[in-house]
Amino acid sequence: MNNQGLSEEEIFSYLENAKSEDTDYYRVLSSMCTHPHKIAVEAHRLFIEANLGDLGLFAGAHRLEKEVIKMLGELLHAPSIGTPSGNSFDSSVCGYLTTGGTESNIQAVRGMKNLVNAGKKDVGKIPNIVIPESAHFSFDKIANMMGIEVRRALLDSELKVDPASVESLIDTNTVGLVGIAGTTEFGQIDPIEELSRLALENELFFHVDAAFGGFVIPFLENQYPFDFEVPGVTSIAIDPHKMGLSTIPSGALLFRSPSFLESLKVSTPYLTTKSQFTLTGTRSGASAAATCAVMKHLGREGYVKNVQYCMHLTTKLVEEAREIGFEPLIKPLMNVVALKVPNPDLVRQQLLKRFGWNVSITRNPRSLRLVLMPHNTALDIEEFLQDLKKVTSEL
Ligand code: PLP
């Protein structure tokens, strides 16, 4: 650290210099985040100091958090809605705002493990969960930190998890299943109803990771059952900082029953509340305000328009890619396209080096992964495909 403080001018010149190194989402086809809505940015600024880790001091920000949970609960067909207020619950279904999908997934699995440890189910020393092979890498972190075995079930030809493979991995030490509604790499939706049936038959918890799909699936023309309407679903991760157009960090975790939150509780002796259910201590009240503001401002109609726009780009990309000889691995359900191209790793490298396109690669099978977000335009798609054609023709 410098000994003497720099002037405001010097600081901002330094920051602007650093900011110029960011992509600002220009030619970015690899991200599930985007520019937050300007209403969210303003709301975030207004609550910049609010700490949801100490709820008693920030009653207003906490009220906004509860409102977000209520809106998300309605969106995800939760039977009744509530949020923890220190050491009591307003009603049955509940949740809280997290830093994103990773934290939500960690907490959902931690809840499963704690409930089992609390004697709800008799399992061996190392409990296990069964997840799809396509699960986000946050589950690698869970495997590493939670003392739980993470079993990976195979995918079918449409890159959805195969329920038969899930069933074959369930044993007496299994505590829960995970299904993905909007896989990171393929935008695919797992067969949530079949997984729910397996969960109910085997008395397992069932977490749905809708970190990306949660703000997409409810607004699509085609409807897919993926939320609390499906009876076996016990928890859902949904991220306002992805297709919800809120500021980073904004994730959310919803539980069907307060017993999950109870299982996550620790005492907080020197705070204004008696206990805490969250993974992080200090939490951003600004994110709660941002998410509340953008959800109320856009309403259902606004999110439908947002998804329609991204789906329009997706259809355009798929149709025009076909014209130059590239097929998607699966027909996209949402705004994620996995495109079959020769030598995807090299193509990716060349697209970035020669034309500044940020794209990514799916793991298995390897293909070019493209996410069509609100920051992309129809012109982007046309230019991208021209550049893709050049790169692949010169391979
Ligand atoms: N789950 C899914 C399905 C995701 O696509 C992602 C991120 O892309 C995550 C979890 C992790 O979210 P975050 O990076 O906000 O922690």
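I11 is found in helix 1. In this predicted model, I11 counts as partly exposed, at 32% relative accessibility. Together with L6, F12, Y14 and L15, I11 forms a nonpolar patch on the surface. The accessible area of these residues together is about 510 Å².

## Ligand site

The shell around the ligand holds 13 residues, of which T102, T184, D209, H241 and K242 come nearest. By class, the shell divides into 2 nonpolar, 8 polar and 3 charged residues. Helix 4, residues 101-120, supplies the largest share of the shell, 3 residues.

The ligand taken alone exposes 390 Å², and the protein buries 84% of that.

## Salt bridges

Side chains of opposite charge can pair when their charged atoms come close. The count for this model comes to 19 salt bridges. One of them joins E383 and R27, with the closest N and O atoms 2.8 Å apart. E383 lies in helix 11 (residues 378-393), while R27 lies in the loop between helix 1 (8-19) and helix 2 (38-46), so the pair ties together parts that are 356 residues apart in sequence. E383 is partly exposed, with a relative accessible area of 26%, whereas R27 counts as buried at 12%. R27 and E383 also belong to a network of salt bridges that links them with D387 and K390.

Another salt bridge is formed by E149 and R151, whose closest N and O atoms are 3.0 Å apart. Here E149 is partly exposed, with a relative accessible area of 33%, and R151 counts as buried at 17%. E327 and R322 form a further salt bridge, again with a closest N to O distance of 3.0 Å. Both partners in this pair are partly exposed: the relative accessible area is 35% for E327 and 42% for R322.

## Two buried threonines

T362 is found in the loop between strand 11 (360-361) and strand 12 (368-371). Is T362 buried or exposed? At 0% relative accessibility, T362 counts as buried. A polar atom of the T362 side chain lies 2.5 Å from the backbone oxygen of P365. The side chain of T362 also has a polar contact of 2.8 Å with the side chain of S367.

T174 lies in strand 4, residues 174-180. T174 counts as buried, with a relative accessibility of 0%. Which side chain makes a polar contact with the side chain of T174? The partner is N128, at 2.7 Å.

## Backbone geometry

Most residues other than glycine have a negative phi, and most peptide bonds are trans. A cis peptide bond joins N364 and P365, with omega about 0°. P365 lies in the loop between strand 11 and strand 12, and its backbone oxygen is the atom that lies 2.5 Å from the T362 side chain. I248 and P249 are also joined by a cis peptide bond, with omega about 5°. P249 is placed in the loop between strand 6 (235-238) and strand 7 (251-255).

Positive phi values occur at H77 and N343, neither of which is a glycine. Phi of H77 is near 55°. H77 sits in the loop between helix 3 (59-75) and strand 1 (94-98) and counts as partly exposed at 42% relative accessibility. For N343, phi is about 45°. N343 is in the loop between strand 10 (336-339) and helix 10 (344-355), and its relative accessible area of 43% makes N343 partly exposed.

Key:
Residues numbered from 1 in each chain as written. Predicted model: local features only at pLDDT ≥ 70, side-chain atom pairs only at ≥ 80, totals over all residues. Heavy atoms only, no water. Near = heavy atom within 4 Å. Areas by Shrake-Rupley, 256 points an atom, 1.4 Å probe, with all protein chains shown as cover. Helix = DSSP H or I, 4+ residues; strand = E, 2+ residues; numbered from the N terminus. Nonpolar A, V, L, I, M, F, W, Y, C, P; charged D, E, K, R; others polar. Salt bridge = Lys/Arg side-chain N within 4 Å of Asp/Glu carboxyl O. Buried < 20%, exposed > 50% of the residue type's maximum accessible area, 1.4 Å probe, protein only. Patch = residues over 30% accessible without salt bridge, like charges linked within 9 Å, V, L, I, M, F, W, Y side chains within 5 Å. Polar contact = N/O pair within 3.5 Å; in protein donor to acceptor, adjacent residues only side chain to side chain.
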